[in-house]
Amino acid sequence: MIAALSQLLIFQLIGEIIARGLELPVPGPVIGMLLLFLTLMVRNGPKPELQSTSQNLLQHLSLLFIPAGTGVIVHLHRIADEWLALLLSLLVSTVVTLAVTALVMQFFNARQSAGE
Amino acid sequence: MAPRINDLWVYLSASPLLGLTLTLIAYQAACWIHRRAKFSPLANPVLIAVSALVALLTVTGTSYQTYFDGAQFVHFLLGPATVALAVPLYTQFRRVRALLVPVVAGLLVGSFTAVASAVLVARFFGASLATQLSLAPKSVTTPIAMGVAERIGGIPSLTAVLVITTGILGAVIGRYLFDALRIRDAAIRGFATGITAHGIGTARAFQESEQAGAFAALAMGMNGLITALLLPVLVPLLQ
């Protein structure tokens, strides 16, 4: 577990160095994720230790959101001021994104099947 | 006795121990409630734990900064967890070849729709620029969304709240919407849920079927990556 955790941290560190060094607009951990993904492609998959450590970490992904989520306490004022815009934005955007994504995929899937 | 309790509170409120312990307890209690509610998407563990902690901080008059001094140890793990997303991304990647064209089309159109619709509706109803920018990455998994929000001038902690709310909405609405639109393919239902509602949607999709869950996990990872890459370029166009 320690070796796998170190590996994740090393990829994050490299990602952070690249993001800040090249002044990229992408967060460092995302570049770390991309580099690890490419490494897995080259090496034909993760070692069992990395597989199980990642699984454990991602299984409790919800826990990791709690400190940031509790930050809502600092924004109660803003939310009270803009609650209608926030609520409608989230609601409309969620429905539209679900529908548009699914319909676009359905369209291309039908076209692909018809072409075969 | 009273002064001693007072001393104890002075110690505890200044130490990171309390914030960290309370976060872990709140999470476990919320998971217990989630199980008791038969994994209903409405009993979302993050929603429950955050509500409990907000109530507790308000009642005890504790500042968020004091709480976060302890909770930051949990928060820090979002970085390695983001890197770890590469593993399920790799595992799912090989299943995609057969559906490559619909997947790429769904990803590009869905990712753009998620950002543009949120920002435009918020602007139409008069939200401030900081709020609009905090809304932009709301369909992406929290660790990535917070990083992106910081980069484009949004408020990361507000984004975290909006991301979690979006996830709950998407998980609740998805099934009824797809049935109404007569979309039956599990891969498409899962992928659209993952694009819109990231990890919370993915958890929901796994309850529907294994295939829906796998495609939702793939969509979550790909959308996180593409939004992180494209949003900073897209933001000047939306302003």
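In chain A of this predicted model, take the contacts between residues at least 6 apart in sequence: 32% of them join residues at least 24 apart. Of the 116 residues of chain A, 45% count as buried.

What is chain A built from? It has five helices and zero strands. Along the sequence the pattern reads α-α-α-α-α. The radius of gyration of chain A is 20 Å, while the globule rule gives 13 Å for 116 residues, so chain A is more spread out than a compact globule. Along the principal axes, its C-alpha atoms fill a box of roughly 55 × 45 × 30 Å.

Now the contact between the chains. Chain A supplies 66 residues and chain B supplies 89 residues. These helices of chain A each give two or more residues to the side that touches chain B:

| Helix of chain A | Residue range |
|---|---|
| H1 | residues 2-21 |
| H2 | residues 28-43 |
| H3 | residues 48-59 |
| H4 | residues 61-70 |
| H5 | residues 72-115 |

Which helix gives the most to this side of chain A? H5(A) does, with 31 residues. By class, the side of chain A that touches chain B holds 46 nonpolar, 18 polar and two charged residues.

Six residues of domain 1 of chain B are in contact with seven residues of domain 2 of chain B. On the domain 1 side, five of the residues are nonpolar, one is polar and none is charged.

Technical notes: Residues are numbered from 1 along each chain as its sequence is written. Chains are lettered from A and ligands numbered from 1 in the order in which they are written. This is a predicted model: local features need pLDDT of at least 70, side-chain atom pairs count only at pLDDT 80 or more; totals for chains, interfaces and linings use all residues. Two residues are in contact if their C-beta atoms, placed from the backbone, lie within 7 Å. Helices (H or I, at least four residues) and strands (E, at least two) are DSSP runs, numbered from the N terminus. Ala, Val, Leu, Ile, Met, Phe, Trp, Tyr, Cys and Pro count as nonpolar, Asp, Glu, Lys and Arg as charged, and the others, Gly among them, as polar. The radius of gyration is taken over C-alpha atoms; the globule rule is 2.2 Å times the number of residues to the power 0.38. A residue is buried if 20 or more other C-beta atoms lie within 10 Å of its own, exposed if 12 or fewer, and partly exposed in between; C-beta atoms are placed from the backbone.
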